[in-house]
Every structure is written in structure tokens, then in C-alpha cells.
Amino acid sequence: MNVGEIVEHLGLQVLTGTDHLDGEVSGGYVADLLSCVMAGAEAGDLWITLQTHANIVAVASLLNVAAIVVAESAPVPESTLTKAAEQGVVILSSSQPVYETVSRLAALGV
Amino acid sequence: MKRQIALLGLMGRGGALSKIHELIRELPVSRVMTTALLTLPPDATMMQLKELLREHHISGVPVVGGGRLVGVVSIEDLIHALEVQRLDAPIREFMTSEGLVTAHAQEPVMEALRRFEQMGIGRMPVLDARQKLVGIITRGDITLALLRALQELYTEAETIQDRPQHFFDALESENTSLQLRYRIEKGDFALGGDASGKIKRALLRIGASPQLARRVAIATYEAEMNLIIHSDDGGLVLADIQPTTITVVAQDSGPGIADVELAKQPGYSTATPEVREMGFGAGMGLTNIERCTDKMSIWSAVGVGTRLQMTFLVSPEESGEGDEETGQGA
């Protein structure tokens, strides 16, 4: 399943990276501690988090994750969005809390 | 035409043709269709249809009643209504409802294309496995999607050509080494990961495998963030890249680590609460570095500074050697 299809099924909002929604999603990883993400997330994962500062873009780009999913509609600063747009990193926003977001992803088979 | 020939040149005739074949035969309707769907109920008037078509510059819409697709109404039906001066009539009277031709979300676009030709129609409502209306597809949608997919193939082929097949293949000398140097500012979280990102891109550009680039990037990121978070006034990241070994050094001039063994313990951190709130200071940085490197050494003295040296040995798989697949069609 690709990022675009997940956006559709979960009704996510695409904050950046509209042109990169065809990336295949191979799994998921949840953490707000960046070192854990660095150690645990794989390329092609969806990274679900509540962190929104600009450094999440660097982490996502270094790991080649398929997309960052910011849960609970947490407001994402302009500096993060600008950096993500520059680096082609997809940031999605979910209105649901992390647990619900992940349950729905799991139900889709991610 | 010229570009087509270029693509064949890049991917090999068989490669390009089979990719295109694959595209047409496997691309499902769901990837091509329009999902931002305009529909009308059967009791809407032909006048409402006229307004909708004009406003959205479209030539027809599906008719949905009771949650089900019950027909399709198009500009031809509107002309018919105009001729008999029945713009106030419900669209139910003018729509096509018998023998509706539909597409299925999961079928290949090739099948949909065939049906367009056989039936001589301009659009088809798209149904999912439960017969629910999920989109609409036109011939134009298919053409656009195929063109876009072809464009992606070109880009992919060009990237393959631009990237050397083996680590350091593009550079030849008796003793090759590439040195990269970055100044890291204390507290500059916005630029955190910038140096590691640049090192990663440089490695990929000279032919390193994604796995090698990834482990160097992860370790360098942690070292870079340590300078941003913990150093007194920033520091330096120096990368020395050689065909068989990559060495990255992160150094600063203070404050120094009092107990290096303690600092290496997973979970140990001296980060402030503000920094922890941003998700740093998990106490996993050095653990991550150790996992990604073949050798890690730390020299530190309080009041003098810290020097972290990370060594990565390039394994045969990581240099692209023995990977015969990638050598084809280049």
C-alpha cells in the first residue's frame, strides 16, 4: 500500500510532500524519542509521533521513512513545513491520538 | 521520440519495454481515477445539472440514490432536455440507467481502456468490491496517468545512470580519500542533521550502498546532535571517506565528559528538561553509534574537550561488489 492510499483510508491531512505520495509503506514505527527512531525505524516506515520541531525532518530524511504522521492534529511549525518541503519529506496530520491512528493502520494491514 | 530512445538506451530495450508493459497491465483503476466525486440525486432537476456542469467544467456526473449508483447523466442528456424544454424535469427522466457501463477499482487500466473503446463512451463510474461508488474515470485520466508514470521511469533511469555502480568507481587513484568538514553550532537545532544528511548524500553519489550510507548517517546524526546539545561552543564533524574505510570524527573544546563509561550506559543522559521535551536526551546516542560503527573510541577530558572517532569498514556487499544485478543496462 502506498502513502496516498493510506491518506485516503484514514482521512489524513497532507501537510507537505503532495508529490511524494506514491512511496510504498512497508511498516510503521512509533516514538517521540529521536534516538529510538534512529535506532528502530526502517526505510519505508510510517513514523507516528507528537514531535513537530524542524529536527524531525532531518531524522525522517536520514532514514528515508515513507512519511511522518503527526498525531492529534498537533500544530506543526512553519519552519518544519518549509524544511520538509525543501527535502521532499512527507508530513501527514492525523486528527486521532496515536493509539487510534496506529490501530487503524494495523487494521489496514500496515 | 528522442527521449524514448534515450530511455531504451538507459534501461536496455527489454528492460524499458517490460517496464511499460508492466505499467499498463498492472496499474489499477484506483490509482488513476478521480476520487473528488461530484454526484447528483435522481430527483435533482436538469437545471441543477446544467449549473453543476458549467461550474466545474465537466461533461457528466454519476447519479446516486439511496447510497447506490443508479445512473449517469451527461451533457447529451442536457441537450435533449433543452430541445424538449424540460429543464425543470428531474434528471431521473433523462439519465442513462439501463446497461450502465462501470469500471472496478482494482481492475487494470488496460481493461478499462478496452471497455471505453468497445462502448464508445467518455467516462465510467468506478465501483469497489462492495459495489459502492468510489470514483470516476475518463480516457484523459488514463492518458495522464500513463504519461506521468513514464516520466517517473525516465527519472528513475536517469538516476540509475548518474549513480556509479560500485563504491568509488568514479574516482581512481593510488590512494583515494574524500574529506568533508562541517562546523556545528551549539544550540542550532534547526540545522541538526544537516551535516549527516550531506555526508549521506555524498556517499550515495559516489556509489555507496543505501545500507552503508544509512549506518554512517545514523551514527553521524547522533554525534552531530551531541555537539548541538552538549558542547560549550559547538564543534566540528570531519569525515574521511576511503574505498575500504570511512572515519567520522566529532570534536569539541568542552565541557568534556567526566565518566565516559557512564555516558555510554544506555539511558544515561545529562540533557536538560527542555531538550528532553524535544525528544532528545534519551541516553541512547552513544549506544546507537556503537551499533552502527565497526569501531568507536572516545577521548575526553573535563575542561578540555571531547573527541569521538567512528570507524566504518566497507563490507563487500556495501561497496556494491558481487552485486551483478545492478551492472545491467548501464
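Visitor: Let me start with the hairpin of E1(B) and E2(B). Which residue there takes a positive phi?

Guide: Most residues other than glycine have a negative phi. In this predicted model, the hairpin has two residues between its strands, and Gly66(B) takes a positive phi near 60°. The strands themselves are E1, residues 60–65, and E2, residues 68–74, of chain B. They run antiparallel and are joined by six bridges. To trace one bridge, go from Gly60(B) to its partner Ser74(B) in E2(B).

Visitor: Which residue other than glycine has a positive phi?

Guide: Look at Asn64(A), whose phi is near 55°. Asn64(A) lies in the loop between helix H3 (55–63) and strand E4 (67–70) of chain A.

Visitor: And peptide bonds? Which one is cis?

Guide: Most peptide bonds are trans. The bond from Gly254(B) to Pro255(B) is cis, with omega near 15°. Find Pro255(B) in the loop that runs between strand E8 (245–252) and helix H9 (260–264) of chain B.

Visitor: Now sheets. In what order do the five strands of the open sheet in chain A lie?

Guide: Strands of a sheet pair through backbone hydrogen bonds, either parallel or antiparallel. In chain A the order is E1-E5-E4-E3-E2, and the pairing is mixed. E1 (13–16) and E2 (27–30) of chain A have a single partner strand each, so one side of each has no neighbour in the sheet. On average, neighbouring strands are turned by 30° against each other, direction ignored.

Visitor: How many bridges pair E1(A) with E5(A)?

Guide: Three, in the antiparallel sense; E5(A) covers residues 91–93. Within this pair, Val14(A) has Leu92(A) as its bridge partner.

Visitor: Chain B has an open sheet of five strands too. What is its order?

Guide: Read E6-E7-E8-E10-E9, with antiparallel pairing. Its edge strands are E6 (178–184) and E9 (295–301) of chain B, and each pairs on one side only. Here neighbouring strands are turned by 10° on average, direction ignored.

Visitor: What joins E9(B) to E10(B)?

Guide: Seven bridges do, and the two strands run antiparallel; E10(B) spans residues 305–313. One bridge links Lys295(B) with Thr311(B) in E10(B). Helix H7(B) packs on this sheet and touches E6 and E7 (235–241) of chain B. The direction of H7(B) makes about 165° with that of E6(B).

Visitor: Next, helix against helix. At what angle do H8(B) and H11(B) pack?

Guide: The angle between H8 (210–230) and H11 (285–292) of chain B is about 155°, with the axes 9 Å apart. Angles over 145 degrees count as roughly antiparallel, so H8(B) is roughly antiparallel to H11(B). Their crossing is left-handed. From H8(B), the residues in contact include Arg215(B), Ile218(B) and Ala219(B); from H11(B), they include Ile289(B) and Cys292(B). By class, the contact has six nonpolar, three polar and two charged residues.

Visitor: How far apart are the axes of H3(B) and H4(B)?

Guide: They are 10 Å apart, and H3 (46–56) and H4 (75–83) of chain B pack at about 135°. That makes H3(B) oblique to H4(B). This crossing is left-handed. H3(B) gives Met46(B), Leu49(B), Lys50(B) and Leu53(B), while H4(B) gives Ile75(B), Leu78(B) and Ala81(B). Six of the contact residues are nonpolar, none is polar and one is charged.

Visitor: How many residues of each chain are in contact with the other chain?

Guide: 21 residues of chain B meet 17 residues of chain A. On the side of chain B, the elements that give two or more residues are H7 (194–205), H8 and H11. That side has nine nonpolar, eight polar and four charged residues.

Visitor: Last, confidence. Where in chain B is the pLDDT below 50?

Guide: Where pLDDT is low, the predicted coordinates should not be read in detail. Chain B has a mean pLDDT of 86, and 88% of its residues reach 70 or more. Residues 1–5 of chain B are below 50, and this stretch has one contact beyond near neighbours in sequence. Residues 321–330 of chain B also stay under 50, with 15 contacts beyond four places in sequence. The model scores ipTM 0.87 and pTM 0.62.

Note on methods. Residues numbered from 1 in each chain as written. Chains lettered and ligands numbered in written order. Predicted model: local features only at pLDDT ≥ 70, side-chain atom pairs only at ≥ 80, totals over all residues. Axes fitted to C-alpha atoms, helices over the stretch in contact; angles between N-to-C directions. Helix = DSSP H or I, 4+ residues; strand = E, 2+ residues; numbered from the N terminus. Parallel < 35°, antiparallel > 145°, perpendicular 65-115°, else oblique. Left-handed = near helix turned anticlockwise from the far one by under 90°. Contact = placed C-beta atoms within 7 Å. Nonpolar A, V, L, I, M, F, W, Y, C, P; charged D, E, K, R; others polar. Pairing = 2+ DSSP bridges. pLDDT = per-residue confidence, 0-100.
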